[in-house]
Amino acid sequence: MSDDPSAASPADSETGSAGPPAGLVLVSTPIGNLGDLSPRGRVALAEADLVLCEDTRHTARLLGALGVHARTAPLHEHNEDAAIPAVLARLAAGRTVALVSDAGTPLVSDPGYRLVRAALAAGHPVHAVPGPNAAVTALVLSGLPPLPFLALGFPPPRAAARTAGFHALRAAERAGLSATLIWYEAPHRLAGMLADLLAVFGDRPAAVARELTKRFEEIRRDRLAALAAHYAAEPARGEVTVLLGPPAEGSAEQDQDSLDRQLRAALATNSLKDAAALVAAATGLPRKRVYARALELEGG
Ligand code: SAM
């Protein structure tokens, strides 16, 4: 698509709600509000020879509400590899196979990636009917910088692995990453996750988006410490997406990171006293403060 908005005229755009051409069709479905399924998504499901779904009972309810009769088959984490050959055979016969997940965009923290790879490798057309996605919906509502963002799926459920993952991201920030970070999380793990985020990233702007597009939709935009305290006192319910803003430019946090980086480099080849003097001269910071920090880094 052109970057120039004036370049798109109604004549250029496909305005009909005809379904996508034959092939594998990735259909995004609502993350709560049934009205969010696009007309083209409905046609794609109605016209598909087969609808692959994570949970056939869940998708049967969606199809029933849409008044669509379609043949369904399961495609989930545990059978995806085994299911691929039969799907490829259908595609080779010129059939249309739709893929949906329980909610939102297939493949995004949901099954389908291995199937898409296999279909592409076999030369079959792959189309998408775009639509709801919890991460992007939460992002645009969060009030946090929309770009760049990094969607990370679910953090590991165990606290040790989760904290290690957060430390790796924090290290990436120290090396220059500056993005809004987005995670999916189960409601019963939210309080623990927020406490770990606070411990690793420090207090900074964040948001928790709950039950998006549903009756009890709620977006809390606050600093991490306040959000962690809130959800420790009042456990969350429903579907939850967590967002963490990037470290503020020129923040005390960033200044500290930069000072630490320079000190570590200087300490690698100088005595503590000389390293502190060199870095104090380079940064213009008070020598006493730099010396005290160098001592801390050296474990003194
Ligand atoms: N493929 C989906 C998408 O495109 O958003 C995500 C699937 S992932 C298995 C499900 C997780 O997404 C939930 O556990 C929750 O963290 C988040 N999520 C889904 N619906 C949501 C909603 N309505 N509000 C907030 N978060 C939601």
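## Helices against the sheet

Helix H6, made of residues 159-174, lies across strands S6 and S7 and runs at about 165° to S7. The model described here is predicted. A further helix, H8 (residues 224-233), lies across S8 (205-210), S9 and S10, at about 130° to S9.

The strands named here belong to an open sheet of 5 strands with mixed pairing, in the order S6-S7-S10-S8-S9. Strand S6 (149-151) and strand S9 (218-223) stand at the edges; each has a single partner strand, so one side of each is left without a neighbour in the sheet. On average, neighbouring strands are turned by 15° against each other, direction ignored.

## The S7-S10 pair

Strand S7 covers residues 180-185 and strand S10 residues 240-244; the two pair in the antiparallel sense over 5 bridges. Within this pair, Tyr184 has Thr241 of S10 as its bridge partner.

## Ligand surroundings

Which residues come nearest to the ligand? Of the 19 residues around the ligand, these are Thr105, Asp110, Asn133, Ala134 and Val240.

Tyr184, the bridge partner of Thr241, also has a polar side-chain atom 3.0 Å from an oxygen atom of the ligand. For Asn133, an N or O atom in the side chain is 2.8 Å from a ligand oxygen atom. Ile31 takes part through its backbone: one of its backbone N or O atoms lies 3.0 Å from a nitrogen atom of the ligand. On its own the ligand has 580 Å² of accessible area, and the protein covers 91% of that area.

## Domains

The domain assignment divides the protein into domain 1 (23-132), domain 2 (135-244) and domain 3 (251-299). Between the C-alpha centres of domain 1 and domain 2 the distance is 29 Å. The contact takes 6 residues from domain 1 and 7 residues from domain 2.

## Backbone exceptions

Most residues other than glycine have a negative phi, and most peptide bonds are trans.

Leu107 sits in the loop between strand S4 (97-99) and helix H4 (113-121).

Notes: Residues numbered from 1 in each chain as written. Predicted model: local features only at pLDDT ≥ 70, side-chain atom pairs only at ≥ 80, totals over all residues. Heavy atoms only, no water. Pairing = 2+ DSSP bridges. Helix = DSSP H or I, 4+ residues; strand = E, 2+ residues; numbered from the N terminus. Axes fitted to C-alpha atoms, helices over the stretch in contact; angles between N-to-C directions. Contact = heavy atoms within 4.5 Å. Near = heavy atom within 4 Å. Polar contact = N/O pair within 3.5 Å; in protein donor to acceptor, adjacent residues only side chain to side chain. Areas by Shrake-Rupley, 256 points an atom, 1.4 Å probe, with all protein chains shown as cover. Domains from an automatic or database assignment.
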